[in-house]
Amino acid sequence: MNASDAINTTRVLSEALPYIQRFSGKTIVIKYGGNAMTEPDLKNSFARDIVLLKQVGLQPIVVHGGGPQIGELLKALGKESKFIKGMRVTDQETMDVVEMVLGGKVNKEIVHLITQQGGHAVGLSGKDGGLIHARQLKFESSEDTTASEIIDLGHVGEVSGINPAILNTFLASDIIPVIAPIGVGANGETYNINADSVAASIAAVVKSEKLILLTNTPGVMDGDTLLSGLSPNDVQSLIDRHVIHGGMLPKIRCAIDALQSGVHTAHIIDGRIQHAVLLELFTDQGIGTLIER
């Protein structure tokens, strides 16, 4: 390292210090998905970031997705994936694959990567310890209620409750919880739940300082401009103007729900950037969209 590199490194560390001090002891819920969990370099840098957060006194909780991995295994098994409004239709056979991929392969890989970086992590399904209570998700096929019908997606669920006891146990220790978004119904049914929604629900229950959603986009965009420092009213205006639309809408709604439930700030950031979490948390400028109450 030459003198210039050393000075830059020192400047970065100095800039990070007040943020580390401010957030020490605070819980940060991070939804991990997209390219960040499929590309080897990004996977390793994410695991390293999570270990660093824990090491400097923050309390990270990781909630992960795994849609592409589920699709790959279903394809290998000769089973076609069917989607309605972006949600996977999940019969019992598909649910078995979802549980195998999310609760098994993907979850354990994340735990292993964190362990390799010197951290202590435990993988959980929402079924473990009754962590995530769920009910079946149904929606109307049309906004015209006189002509609509209820769409049954099978084992697709929504969060009906979070039991924080098991999370509080881990937060009081040096263990990082890594959670697969699988919930259990009142009669023992297993449900696949959107990971953004699970992360927002967990953030609300544990009174998280921050909810961070990793995506495959820079954040909320208005044309070529990245928007940040938004309030819920700003967000609603952007939705009304159709600046926020499509796949960004459910992420934004999860973020707003979390804020309305007591989470201080929500962040939508680009998981395709190495060390995206650290850059968003510990630099003055950040890299994504910040939404705050």
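A cavity here is a set of grid points where a 1.4 Å probe fits but cannot get out, and its lining residues have an atom within 4 Å of a point. The model is predicted.

Rolling a probe the size of a water molecule over the atoms shows where empty space is left. In this model the count comes to 2 cavities of 30 Å³ or more.

Take the largest cavity. Which element gives the most to its lining? The answer is α2, with 4 residues. Helix α2 spans 40–55. Helix α9, at 276–282, also supplies at least two residues. The lining of the largest cavity consists of A36, L42, S45, F46, D49, L214, G271, I273, Q274, H275, A276 and V277. By class, that lining has 7 nonpolar, 4 polar and 1 charged residues.

The second largest cavity is lined by Y32, M37, K43, Q69, V106, E109, I110 and L113. Here α4 gives the most, again by residue count, with 4 residues. The classes are 5 nonpolar, 1 polar and 2 charged.

**Open space**

The largest pocket has 49 lining residues. Those nearest its centre are G86, M87, N194, D196 and P250. At least two residues each come from α3, β4 (87–88), β6 (132–140), β7 (150–162), β10 (190–193), α6 (195–205), β11 (210–215) and α8 (248–260). Of these, α8 gives the most, with 8 residues. The lining of the largest pocket divides into 21 nonpolar, 18 polar and 10 charged residues.

The second largest pocket is lined by V12, L13, A16, I20, R48, D49, L52, H275, L278, L279, F282 and T283. Two or more of these residues come from each of α1 (3–23), α2 and α9. Helix α1 gives the most, with 4 residues. By class, the lining of the second largest pocket has 8 nonpolar, 2 polar and 2 charged residues.

D49 and H275 line the largest cavity, and D49 and H275 also line the second largest pocket. Helices α2 and α9 each supply at least two residues to the largest cavity, and both give two or more to the second largest pocket.

The volumes are as follows.

| Space | Volume |
|---|---|
| Largest cavity | about 60 Å³ |
| Second largest cavity | about 30 Å³ |
| Largest pocket | about 1700 Å³ |
| Second largest pocket | about 300 Å³ |

**Packing of α3 and α4**

Helix α3 covers residues 67–76 and helix α4 covers residues 92–116. At what angle do they pack? The angle is about 125°, with the axes 9 Å apart. Roughly perpendicular ends at 115 degrees and roughly antiparallel starts over 145, so α3 is oblique to α4. The crossing of the two helices is right-handed.

On the α3 side, the contact is made by Q69, I70, L73 and L74. On the α4 side, it is made by T94, V97, V98, M100, V101, L102 and V106. The contact has 9 nonpolar and 2 polar residues, and no charged ones.

Technical notes
Residues numbered from 1 in each chain as written. Predicted model: local features only at pLDDT ≥ 70, side-chain atom pairs only at ≥ 80, totals over all residues. Heavy atoms only, no water. Axes fitted to C-alpha atoms, helices over the stretch in contact; angles between N-to-C directions. Parallel < 35°, antiparallel > 145°, perpendicular 65-115°, else oblique. Left-handed = near helix turned anticlockwise from the far one by under 90°. Contact = heavy atoms within 4.5 Å. Nonpolar A, V, L, I, M, F, W, Y, C, P; charged D, E, K, R; others polar. 1 Å grid on protein atoms, 1.4 Å probe; cavity = no way out; pocket = protein on both sides within 12 Å on 5 of 7 lines; lining within 4 Å. Points joined across faces, edges and corners; volume = space filled by probe spheres on them.
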